[in-house]
Amino acid sequence: MEDTRRRFSLHRDRPETWTERPAQFQRFTQSGAFDGLGPYFSAIADTLIGPDAWNVPQHFGVPLVTFPDRVWDVPHSLWHVDQPPHLSLGALPVVRTFVILAKLESRGGGTCYIEGSHRAVMDFAKEPRTQTPHSGEMKKLLAKEEPWLAALFARNVPDRERRFMLEGGEVRGVQVKVKEITGEPGDAFIMQPAMLHTVAPNARATPRLMVVQALARHDVFTELMA
């Protein structure tokens with residue numbers, strides 16, 4: 001925490017100092033602050049990827065912090081997947097687990113995701129192309145063919161919560177709907193790696209505090225690091 005105070009002038013008991021989105025917690029992670037979660041992350045990866053089939057990090061856990069900024073709406077920007085879409089075909093390439101550290105209510109900054117989007121993304125990835133598109137290019141191509149996604153990614157679409165979270169829509173024949181991660185301390189969420197997701201604003205009075213860990217299959221880790 002001293003590193004956070006030094007770099008961002010943040011104080012836990014002084015909300016007036018919560019003016020930046022803190023990031024780059026490498027020093028905090030490397031201190032081993034979340035290594036106690038390692039056996040739980042490992043058990044998930046062993047189950048879903050396979051024992052000895054994934055790359056073991058030196059330390060576990062990357063903090064995610066979102067301070068209150070008072071205004072909440074369904075995000076229109078920064079929707080993405082975390083690796084090239086083609087890597088999600090076949091055996092599960094990556095396990096990404098979110099762990100809630102403090103009570104996280106709706107509109108509290110929990111990561112937003114498009115329920116069902118992983119099926120549409122994998123369907124897109126199956127199509128033959130001369131060049132494999134990255135996440136941003138895939139978004140543009142999908143938005144051109146799917147009006148629901150085009151509206152979600154547009155800035156000035158009104159009544160976004162009703163349209164995208166309550167009613168939902170269809171993308172490549174898949175029923176989709178925007179959801180947000182909420183829950184109690186200790187709750188864990190495992191995200192399919194082809195699922196579109198994004199950061200969300202925090203309209204509550206307390207920070208969003210989570211830890212995320214991505215564990216990749218050996219061959220996928222090598223490709224991502226190349």
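On a 1 Å grid over the protein atoms alone, a cavity is a set of points where a 1.4 Å probe fits but cannot get out, and its lining residues have an atom within 4 Å of a point. This is a predicted model, in which local features need pLDDT of at least 70 and side-chain atom pairs count only at pLDDT 80 or more, while totals for chains, interfaces and linings use all residues. Residues are numbered from 1 along each chain as its sequence is written, and side-chain values use heavy atoms, with hydrogens and water left out.

View A. The structure holds one cavity of 30 Å³ or more, and about 40 Å³ of space lies in the largest cavity, a volume being the space filled by probe spheres set on grid points that are joined across faces, edges and corners. Among the residues that line the largest cavity are Ser117, Ala120, Leu142 and Val171.

View B. Helices (H or I, at least four residues) and strands (E, at least two) are DSSP runs, numbered from the N terminus. Seven of the ten residues of helix 4 are buried, where buried means under 20% relative accessible area, exposed over 50% and partly exposed in between, with a 1.4 Å probe and protein chains only. These buried residues, including His118, Met122 and Phe124, pack against strand 3 (112–115), helix 5, strand 4 (169–171) and strand 5 (174–180).

**View C. Arg129 in the loop between helix 4 and helix 5.** Arg129 is partly exposed, with a relative accessible area of 33%. Leaving aside residues up to four places away in sequence, Arg129 touches Phe124, Leu141 and Arg172, contact meaning heavy atoms within 4.5 Å. The side chain of Arg129 reaches the backbone oxygen of Phe124 at 2.9 Å, and it also makes a polar contact with the side chain of Glu127 (2.8 Å). A polar contact is a pair of N or O atoms within 3.5 Å; within protein, one must be able to donate a hydrogen and the other to accept it, and residues adjacent in sequence count only if both atoms are side-chain atoms.

View D. Strand 2 (residues 94–100) pairs with strand 6 over four bridges, and Arg96 stands opposite Met191 in strand 6.

Terms used
Two strands pair if DSSP finds at least two bridges between them. On a 1 Å grid over the protein atoms alone, a cavity is a set of points where a 1.4 Å probe fits but cannot get out, and a pocket is an open set with protein on both sides within 12 Å along at least five of seven lines; lining residues have an atom within 4 Å of a point.
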